[in-house]
Amino acid sequence: ILGGYEAKPHLKPYMASLQLDGQHVCGGFLIAEQWVLSAAHCTEDTDGKLFQVLLGAHSLTEPEPHKRLYRVHAQFPHPGSNIHNNKDDLLLLQLEEKVELNTDVQVLRFQREDNDVPPDTMCEVAGWGTTSHSGRRPDRLQQVERPVISRYVCNHRTRHDGTITKNMMCTDSRRKDTCKGDSGGPLVCGGVAEGVLTAGSRVCGNYKKPAIYTRIAPYAAWIDSVMASADG
Ligand SMILES: O=C(O)c1[nH]c2ccc(F)cc2c1NC(=O)[C@H]1C[C@@H]1c1ccccc1
């Protein structure tokens with residue numbers, strides 16, 4: 001997160017850190033007691049290894065009352081996701097067991113109505129991603145508020161040049177922005193998860209390259225079907 005600030009500890013109890021060998025790779029969030037939603041691109045360089053999911057955390061390193069690392073039973077990248085573009089950039093992670101819900105571990109509901117969030121709506125995004133252009137990695141969860149920008153503006157020739165589909169949305173990236181390591185985290189507008197930050201490589205903090213999110217509503221049926229089909 002660039003230009004943001006430290007989140008109040010445990011006020012975003014849905015936030016997840018997807019980790020490999022104890023290292024934060026991407027964000028994600030709890031959508032059900034055994035399921036975390038993130039971005040498919042985050043699995044690109046993992047050569048088939050499964051993530052571990054840290055829940056109940058504010059600091060990535062300090063001991064905290066309800067902090068717990070969960071093993072992943074199975075990972076379901078959206079079948080339409082691919083390395084060449086940001087399409088269908090969603091990843092469902094089935095945890096090896098139902099999480100223990102408490103003050104620091106809670107599910108966040110996602111938008112099921114497929115309507116665009118109006119431009120200029122202020123939303124918030126949080127993560128343990130880089131906080132400076134030098135690539136500084138924070139230990140504690142950061143957050144920033146960003147306004148939604150219209151798909152029309154985001155698709156401008158000088159911005160993302162027509163690559164933003166109806167299943168994507170954008171937020172302004174002037175100074176305050178998301179950055180590497182935040183991907184997979186939720187864009188929360190009015191207390192509801194409207195988007196998942198895409199994990200394709202992108203410059204941060206440049207107003208010419210707004211942040212891109214996969215809108216969740218168009219994928220509600222896919223999410224429900226995967227959760228229903230997978231055992232448990
Ligand atoms: O964040 C992303 O957009 C992104 N997209 C990916 C694609 C493949 C992939 F193997 C990883 C990623 C990845 N995450 C990262 O590089 C994370 C490792 C870096 C990081 C940044 C800040 C703080 C801690 C760790």
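Which residue has a polar backbone atom 2.9 Å from a nitrogen atom of the ligand? Ala 199 does.

This is a predicted model, in which local features need pLDDT of at least 70, side-chain atom pairs count only at pLDDT 80 or more, and totals for chains, interfaces and linings use all residues. Residues are numbered from 1 along each chain as its sequence is written, and side-chain values use heavy atoms, without hydrogens or water.

View 1. A polar contact is a pair of N or O atoms within 3.5 Å. An oxygen atom of the ligand is 2.6 Å from a polar backbone atom of Gly 181. At Ser 183, an N or O atom of the side chain is 2.5 Å from a ligand oxygen. Taken alone, the ligand exposes 530 Å², and the protein buries 86% of that (Shrake-Rupley method, 1.4 Å probe).

**View 2. The shell around the ligand.** The ligand has 14 residues around it, each with a heavy atom within 4 Å. Val 25, His 41, Gly 181, Ser 183 and Ala 199 come nearest. The shell divides into four nonpolar, six polar and four charged residues. Gly counts as polar here.

**View 3. The chain behind the close-ups.** Two helices and 13 strands make up the secondary structure; they are DSSP runs, with at least four residues (H or I) for a helix and at least two (E) for a strand. The chain is as compact as a globular protein of 232 residues, because its radius of gyration is 16 Å, close to the 17 Å of the globule rule (2.2 Å times the number of residues to the power 0.38, over C-alpha atoms).

Definitions and conventions:
A polar contact is a pair of N or O atoms within 3.5 Å; within protein, one must be able to donate a hydrogen and the other to accept it, and residues adjacent in sequence count only if both atoms are side-chain atoms.
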